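Have a look at the structure first, and then we can walk through it together.

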Amino acid sequence: MPVIQPYNEQPAIAVPSQDVAGAALCVRPYKATSEQLQTFVEDTWTEAYRGRMAFPVWTAEYFDWIRSASNASNRCLGVYDQQKLVAVLLGLQSKFQTPNSGFSGGHWSWLSVAKSHRGRGLAKRLDATRVDLEKAARSDLIVSYRFVGSRYSLAERESHLFPLKKFHQRLGFWARPLDGDRLHQWTINRAEGLLSRLVMPVLPAVNWTGSNSGSNGIRLFHHGDLADCARAAATQFRDCVLKVRWDKSSLRQQLMGSPISQTVVAEHQGRVQGFINFHILPFQARTRELVAVVDLICVNQLPARQQRALIRNALGLMRDQGAILALKIRCGDVSAPLMLATNFTPRWPDSSLVLQWTRSVQRIPKRRPIHVLWR
C-alpha cells in the first residue's frame, strides 16, 4: 500500500476515529501519482473480489485520463491514516440536461477502502465530503452506481435514511462476446461462459475493414471530426429524459483526452454523421482479460445498413486489440433493435443507478431513455 507524502495546499478535514489510537484519520485531496492510485485501487479490489466476482482493473493511463478532465483534481479525495492512504473516492465534473433544464453535477466512482479500515465510517465520510464539494461548486446532482449483482459486493444498498439519494433504477449491460474460448475460461459464471463458447461460432464475423482515409466511409477519428461528432451526439440523445450535456470541451476530453479513448467514425453524404467511442481495460475474473467498454454509440443520422456496419467494424477493432467481450451500459440511449441486430444480448440488470441530489430532488421518470456513462 503506497505511502503518500504530506502537503499543505489545502487544510485537512478531520474525521473522528476512536479505532486508531494516537493517529488522526483525515480526508484531503488526493495529489499523488496515478501509478500509486492504480496500485492502491487494484490491491484493494483484488483483496475483496478476486475469485468471487468480475471487476475492472483500472490502469494508471486510465486514471491519467480521468484526472486530466476539467476540475477533476478537486474531486479526487483520499482518506489518510498518518501518511498512509486507506481510502479513495474520485469524481468528474459533468453537465446534465433534462427536458426542462440544464444543471451542473458530478459523476463519482472508484470508492476503495482498505480492508484494515473498513467498518469505521470512511465511506460515509467521503460521501458527505463529496456532497459538500458539489454544493460549494453549485452542483445539483451526483451520479454513481452500486453493483448488486453479487453477494460479495461491498457496494452500498438502498436506504430510506438519505432522502436526497435516490436509487433511480436497475441497469444492466449490452454484451457482445468477441472470443468465446477465452471468455469461457475467464468468466466466473460457468454457464454463461459455456453458452458464449457455443454461440460464438454461429455469430456473424466482425472485422475491422476501416482505414485512416475512410475509403469505405468508416475510419478512425481525426481531430477535425469533433464538430460533426458533437452534432451526432446531440441527435442521438435528444429524447433522453436525463443526459450528459456534451459541449465542445467535454466531448474533446472524452474523445481526445487520452490514447486509451478510441473512436471510429462513419461518413455519409460527405461528412461524419456517426461515431462509436470506447476504451479497453483489463477485467479480473477467473483469469485476467481485456474487455472493451463502449461509452458512446451515436448513429441516428446514418442509414440503417451503415449503422450496423459501423458497429461491426468497431467490434472488429476491439477484437483485433485483444478484447474478449464488449460491454455497453443498457440505459436506453441506443435502440434495442440495433443492438440485437449486431448480436449484443441484454444482461440481467445488476447495478443500481444512484441519483444523489445536493439540494432538492428533481423528478426523473423511470424506465425512460437516459444517457449516462458507466464509470
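This is a predicted model: local features need pLDDT of at least 70, side-chain atom pairs count only at pLDDT 80 or more; totals for chains, interfaces and linings use all residues.

On the helix 1 side, the contact is made by Ser34, Glu35, Leu37, Gln38 and Val41, and their partners in helix 2 are Ala60, Phe63, Asp64 and Arg67. Sorted by class, this contact of helix 1 with helix 2 holds four nonpolar, two polar and three charged residues. Helix 1 covers residues 34–49 and helix 2 covers residues 60–67; their axes come within 8 Å and cross at roughly 115°. The handedness of that crossing is right-handed.

Helix 2 also has a part in the second largest pocket: together with strand 5 (84–97) and helix 7 (248–256), helix 2 is among the elements that each supply at least two residues of the lining. Which element gives the largest share of this lining? That is strand 5, with five residues. The space in the second largest pocket comes to about 470 Å³. Of the 20 residues that line this pocket, Ala69, Gln93, Ser94, Trp246 and Ser250 lie nearest its centre.

The table sets the residue classes of the two sites next to each other.

Finally, let's step back to the whole chain. It contains nine helices and 17 strands. The radius of gyration is 21 Å, close to the 21 Å that the globule rule gives for 375 residues, so the chain is as compact as a globular protein of that length. Taken along the principal axes, the box filled by the C-alpha atoms is roughly 65 × 45 × 40 Å.

Conventions
Residues are numbered from 1 along each chain as its sequence is written. Side-chain values use heavy atoms; hydrogens and water are left out. Axes are lines fitted to C-alpha atoms, for helices over the stretch in contact, and angles run from 0 to 180 degrees between N-to-C directions. Helices (H or I, at least four residues) and strands (E, at least two) are DSSP runs, numbered from the N terminus. A crossing is left-handed if the near helix is turned anticlockwise from the far one by less than a right angle, and right-handed if clockwise. Contact means heavy atoms within 4.5 Å. Ala, Val, Leu, Ile, Met, Phe, Trp, Tyr, Cys and Pro count as nonpolar, Asp, Glu, Lys and Arg as charged, and the others, Gly among them, as polar. On a 1 Å grid over the protein atoms alone, a cavity is a set of points where a 1.4 Å probe fits but cannot get out, and a pocket is an open set with protein on both sides within 12 Å along at least five of seven lines; lining residues have an atom within 4 Å of a point. Grid points are joined across faces, edges and corners, and a volume is the space filled by probe spheres set on the points. The radius of gyration is taken over C-alpha atoms; the globule rule is 2.2 Å times the number of residues to the power 0.38.
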